[in-house]
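Please look over the chain shown below. Keep it in view as you read this short report.

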Amino acid sequence: MGGSHDREVRPGRRSRRWGTARVSGESMRPTLRPGDLLLIRYGARPRVGRLAVVRLPDRGLAVKRVTRREPEGWWVERDNPAAGVDSWLVGAIPDVDVIAVVAVRLWPAIRRPSGAD
């Protein structure tokens with residue numbers, strides 16, 4: 001990061017920058033599909049029922065659904081039980097590993113039913 005528009009991030013204060021993320025993998029089907037482009041907000045507090053970008057232990061970043069707060073952190077789940085990894089396999093995600101929340105899917109804006117021309 002650089003330039004005059006960057007804000008200093010102080011310890012104990014969460015950054016509220018916006019960014020984008022591209023979906024890969026099948027774990028959030030049918031809600032999200034590979035290639036979907038998401039608008040995300042870094043440092044925002046997760047809310048139950050909403051999607052978040054999280055750092056999974058030894059697996060990297062992933063988009064998951066926040067389902068509840070646990071003493072150890074946030075419990076996150078995949079929408080597709082047949083694919084991916086979630087808190088059922090790795091446990092609760094600590095606050096520091098909740099990277100961003102998903103605000104909206106940017107692309108595709110409207111999805112056509114499967115098989116539609």
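Two strands pair if DSSP finds at least two bridges between them. Helices (H or I, at least four residues) and strands (E, at least two) are DSSP runs, numbered from the N terminus. With those terms in hand, take one example: Arg41 has Val101 in β6 as its bridge partner.

This is a predicted model, in which local features need pLDDT of at least 70, side-chain atom pairs count only at pLDDT 80 or more, and totals for chains, interfaces and linings use all residues. Residues are numbered from 1 along each chain as its sequence is written, and side-chain values use heavy atoms, with hydrogens and water left out.

## The chain and its sheet

The chain has 1 helix and 6 strands. From the N terminus, the elements follow the pattern β-β-β-β-β-α-β. The 6 strands form an open sheet, and their order in it is β1-β2-β6-β3-β4-β5. The pairing is antiparallel. β1 (18-22) and β5 (73-77) are at the edges with a single partner strand each, so one side of each has no neighbour in the sheet. Neighbouring strands are turned by 50° against each other on average, direction ignored. For such angles, axes are lines fitted to C-alpha atoms, for helices over the stretch in contact, and angles run from 0 to 180 degrees between N-to-C directions.

| Strand pair | Bridges | Direction |
|---|---|---|
| β1 and β2 | 5 bridges | antiparallel |
| β2 (residues 37-42) and β6 (residues 98-107) | 6 bridges | antiparallel |
| β3 and β6 | 3 bridges | antiparallel |
| β3 and β4 | 6 bridges | antiparallel |

Trp18 stands opposite Arg41 in β2. Val53 has Ala100 in β6 as its bridge partner. Arg55 stands opposite Leu61 in β4.

## Buried and exposed

Buried means under 20% relative accessible area, exposed means over 50%, and partly exposed is in between (1.4 Å probe, protein chains only). Of the 117 residues of the chain, 34% count as buried. In β3, 5 of the 6 residues are buried, so the rest of the structure largely encloses this strand.

Among contacts between residues at least 6 apart in sequence, 51% join residues at least 24 apart.

Most residues other than glycine have a negative phi, and most peptide bonds are trans. This chain has exceptions.

Start with the hairpin. β3 and β4 form it, with 3 residues between them. Asp58 lies in the loop between these strands. Asp58 is not a glycine, yet its phi is positive, about 60°. Asp58 is also exposed, at 83% relative accessibility.

Next come two prolines. The peptide bond from Arg29 to Pro30 is cis, with omega near 5°. Pro30 sits in the loop between β1 and β2. Its relative accessible area is 66%, so Pro30 counts as exposed. Pro30 and Asp79 are 49 residues apart in sequence, but their C-alpha atoms are 7.1 Å apart in space. Another cis peptide bond joins Trp107 and Pro108, with omega about -10°. Pro108 is in the segment after β6.

## The largest pocket

Rolling a probe the size of a water molecule over the atoms shows where empty space is left. The search uses a 1 Å grid over the protein atoms alone: a cavity is a set of points where a 1.4 Å probe fits but cannot get out, and a pocket is an open set with protein on both sides within 12 Å along at least five of seven lines. Lining residues have an atom within 4 Å of a point. Grid points are joined across faces, edges and corners, and a volume is the space filled by probe spheres set on the points.

The largest pocket holds about 360 Å³ of space. It is lined by 23 residues, and the closest to its centre are Ser24, Ser27, Leu61, Ala62 and Val63. β1, β2, β3 (51-56) and β4 (60-70) each supply at least two residues of the lining. The largest share, 5 residues, comes from β4.

Key. Contact = heavy atoms within 4.5 Å.
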